[in-house]
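Please walk me through the spaces in this protein.

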Amino acid sequence: MTDRSYATVNPCIMCQPIGSVMAFKGIENSMVLLHGSQGCSTYMRLHLAHHFREPVDIGSSSLSEKGAVYGGSENLKKGLKNLILRYDPKVIGISTTCLAETIGDDIGRIIAEFKEEEEEIASERIIIPVSTPSYEDSHNSGYIKAVEAIVKEFTATDESGSDIFNNKLNVVLSENVSPEDTRELRRILSDIIGTNSFILLPDISETFDAPITGELQKIFPGGTSHSDISDMKNSAAMIGLGITNVNRAVSYLEQTFDIPSQNLPLPIGLEYTDRLVAALSMIAGTDILEAYQKERGRLIDAMVDAHKYIYGTKVAIYGDPDNVLGILSLALENGMHPILVVASSKSPGFAEYAMERVGQVKPDCNVTILEDVDFDAFNDAVKKAKPEMLIGNSNGKYIAKEMGIPLVRVGFPIHDRVGAQRILSLGYLGAMNMLDRVTNTILEAQEEKLVAKWSEPDRYAPLDREFHITEA
Ligand code: SF4
C-alpha cells in the first residue's frame, strides 16, 4: 500500500488456498477441493496451469447465494462425492476460501457426516481440511498450513503400519520451489545421504512436470508417498528448508515425536548451498563428496568469469521471502549491489536474515528491505531506488518495461514465458544457472546500449563493387 492509497493495488501475493493446492499436489494420489465459489478454483487452476504448463484439476463446492445464506454443507458433500467418483483420489485436501470462512462452516463436522452418509465410497479416503481464509496472510502461509495438516493427519493414522525407528532424514519445504529444483534436491539428498535414507515433502517433481505418456491421467503419478509421510514420525532427524517463516510441520514433528531438527535457508547461491551440503555430510558422517567439491569449484570459476560483468550492478529483488533471501545471498556473493529487496508477504524472519546476510558480505551496502507490499508500492520504491535490473516473478515486467531495465524471471508466478517448471536455482548447479542468466541479461542490456553508441555501418562495402584480396 502506498502513501497515496488506502487500498491494496496489484498485490504481490496470491491467496492462501493456492499455496495449499501446491502443497497437496506434492503428495501421491491426491486432489484438492476448494470449499467456496467456482471462481476461486478457476482462478487458481488458470494461475497454476500458466506457470507449470500442465493441466491442473481442482474441485469446487460451487457455493452460490443459497449456500452463503444457509451454509455450504450440502454443496461440500456433493462436491466430495463427485470428486471421488470422477477422480478416485486416496487423499482429498479441503481448503476453505474467503466465502466459506466468512459463513463459518464447520468443515470437520461436515467431513464426519459425509463419511457416515457415504461410507461405501468414503471409508478408505483420507480427507484433510485446511483453514485458509484469504483475507489474511498469503499463498506462502497456505502452503505451510497445508504441509502441517498433511503431516498431522498421516502421522496420526498409521499408513506405514510401523512405529519402528527408520533412521531416515525428513526434509520439509516451507516454500514452494520448482519441479526442477525439487529434482535437484532429490539428487543432492540421494548422493550425500543415500536414495532410501530421506523423506522429502512435498515433492512436485513429477506431479507438476509430468511426461506425456499417451494415456489420459486424471491424477499425475508422483509426489511423496503416503507410507513415507506416515513414516516421518519414525525418522532420526529433520531439516526444514526455508527460514523466514516458522516451518509448522517441522515444529509439530519435533514437539510430538521428539525428532531433532534444524532449519536451513533454501540452498540458493554458494553459502546457502554450502550450509546444506555440510549439514547433509555431517548427518551422513562423510567428508564433502568429491563430485560436490568439483561442482562447487566450477561455481567459483563461474563467479570469477562473471565478476567483471556484474560487479556493482544495482538490482531489485522481489518475490516469495525465502526465494528472495537466497537470490539476495547469491547477488551479494557475486559483487552485485542489491539496493531494493522485497518480500511479497510478511514473514517473521525475513528482514533480520536479509540484514544479517548483507552485514556478512557487504556491510556498506545501502539496501532498502520491504515486505508485505503491493506492486504499487514496489513500483514507487523501484523508481526511487533506480536499479539497473529486476530479479523476480513475471508480474514485475510492467515496472521493468516502464523503467527500461531488464527482468530476470524467477519464482512464482511466471505467466509470460515457458519453462518456469524447469528453472533451476537450487544447489551449486542452480547457482551457476542463475549466474549465467543474470550475467547474460546484463551483457545483452549493455550491448543494446552500445549499439546506439558504436553502431555498425549498414553495410561494409558497396554492393556493386567486387573486392579482391591483394597479397602484400
Ligand atoms: S481471494 Fe478469496 S475469493 Fe478470491 S480467489 Fe482467493 S479464496 Fe477465492
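**Pocket, cavities and ligand shell**

The largest pocket has a volume of about 520 Å³. It is lined by 26 residues, and those closest to its centre are Glu136, Asp137, Ser138, Ser345 and Lys346. Bear in mind that this is a predicted model. Helix 8 (residues 139-156) gives the largest share of the pocket lining, 4 residues. By class, that lining holds 11 nonpolar, 8 polar and 7 charged residues.

The largest cavity has a volume of about 180 Å³. Its lining counts 17 residues, with Asn176, Val177, Ser178, Asp181 and Gly411 nearest the centre. Domain 2 (169-211 + 218-288) and domain 3 (292-453) each contribute at least three residues to this lining. The classes here are 8 nonpolar, 6 polar and 3 charged.

The second largest cavity holds about 40 Å³ of space. Gly269, Leu270, Leu299, Met303, Leu330, Glu333, Asn334, Ala431 and Leu435 line it. At least two lining residues come from each of helix 12 (269-284), helix 13 (290-310), helix 14 (321-333) and helix 18 (427-453). The lining splits into 6 nonpolar, 2 polar and 1 charged.

Which residues surround the ligand? They are Cys15, Pro17, Cys40, Tyr43, Met44, Thr97, Cys98 and Ser134. Helix 2 (residues 38-52) supplies the largest share of this shell, 3 residues. The shell has 6 nonpolar and 2 polar residues, and no charged ones.

Definitions and conventions: Residues numbered from 1 in each chain as written. Predicted model: local features only at pLDDT ≥ 70, side-chain atom pairs only at ≥ 80, totals over all residues. Heavy atoms only, no water. Near = heavy atom within 4 Å. Nonpolar A, V, L, I, M, F, W, Y, C, P; charged D, E, K, R; others polar. 1 Å grid on protein atoms, 1.4 Å probe; cavity = no way out; pocket = protein on both sides within 12 Å on 5 of 7 lines; lining within 4 Å. Points joined across faces, edges and corners; volume = space filled by probe spheres on them. Domains from an automatic or database assignment.
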